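Dear colleague,

I am passing on the structure below, together with some notes on its side-chain contacts. Please read the notes with the model open beside them.

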Amino acid sequence: MEIPGISTLSTILKRPIELRSDALVQRRELAAELQENCQKLAIFFKNALRIAKQVNEVDSETSENKIMNLMDGLKHVDSTFLEEESPVLQHLAIDMRFKDFAKSCADFYQSALNLKHLLNENIPDSIALKALCKEGGLLKVTGAWQGELETMLTRVNQEYMKVMAIKFSW
């Protein structure tokens, strides 16, 4: 199962950079691409967390199946991420004006991978999912992660606005 946003972000972060003479424009384009994909990833996870909250409600079987499908999809996502191995983040961070933005994107992606690990540790199969739902643990887990997601995305967006405000110098 391909998860929109996640594999794309991983691909963007790992692709090689061909330096251009218009470095500021190139960095802004990369920043825009990363910010857009962080937004897509956030929307995907917000929807997944909303589904998780519905497990305890009326149609729990359908919600449980959706969560299990999400977890199957997450298995195809790279499970390791090292900021220093990303040519894109390195290219952005070389310019001190983009360093904080690069760091916020790296933190956001790491947070997404942490959710993957959190889900896989706590919910290895549908039986564990049902047990966690009965205890109310799933709501606690998803609630805590949703707060982290919002904090990380806010930081990405704030840093993005800063880099987009950089003036060209001639």
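How far is the sulfur of Cys-105 from the closest cysteine sulfur, and in which residue does that sulfur lie? The closest one belongs to Cys-38, at 4.4 Å, which is too far for a bond.

Before the rest, a word on the basis of these notes. This is a predicted model, in which local features need pLDDT of at least 70 and side-chain atom pairs count only at pLDDT 80 or more, while totals for chains, interfaces and linings use all residues. Residues are numbered from 1 along each chain as its sequence is written, and side-chain values use heavy atoms, with hydrogens and water left out.

To return to the cysteines, the structure holds zero disulfides, a disulfide being a pair of cysteine sulfur atoms within 2.5 Å. Cys-38 is buried, with a relative accessible area of 0%, and Cys-105 is buried as well, at 2%; here buried means under 20% relative accessible area, exposed means over 50%, and partly exposed covers what lies in between, with a 1.4 Å probe and protein chains only.

Turning to charged side chains, the structure holds nine salt bridges, each defined as a side-chain nitrogen of Lys or Arg within 4 Å of a carboxyl oxygen of Asp or Glu. One of them joins Lys-40 and Glu-36, at 3.5 Å from N to O, and both residues lie in helix 2 (residues 23-54), four residues apart, or about one turn of the helix. Helices (H or I, at least four residues) and strands (E, at least two) are DSSP runs, numbered from the N terminus. Lys-40 counts as partly exposed because its relative accessibility is 41%, and Glu-36 counts as partly exposed at 42%.

Another salt bridge links the side chains of Asp-95 and Arg-97, at 2.7 Å from N to O. Asp-95 counts as buried, at 12% relative accessibility, whereas Arg-97 counts as partly exposed, at 43%.

Arg-155 forms a salt bridge with Asp-107, and the closest N and O atoms are 2.7 Å apart. Because Arg-155 lies in helix 7 (residues 137-164) and Asp-107 in helix 5 (residues 96-122), this pair ties together parts that are 48 residues apart in sequence. Arg-155 itself is partly exposed, with a relative accessible area of 27%.

A polar atom of the Asn-37 side chain lies 2.9 Å from the backbone oxygen of Glu-33.

Finally, the aromatic rings. The structure holds one aromatic pair, and the term applies to rings of Phe, Tyr and Trp (its six-membered ring) whose centres lie within 6.5 Å, with planes under 30 degrees apart counted as stacked, over 60 as edge-to-face and the rest as tilted. The rings of Phe-101 and Tyr-160 have their centres 6.1 Å apart and their planes at 50°, so the pair is tilted. Since Phe-101 lies in helix 5 and Tyr-160 in helix 7, the pair ties together parts that are 59 residues apart in sequence. Both Phe-101 and Tyr-160 are buried.

Terms used:
Polar contact = N/O pair within 3.5 Å; in protein donor to acceptor, adjacent residues only side chain to side chain.
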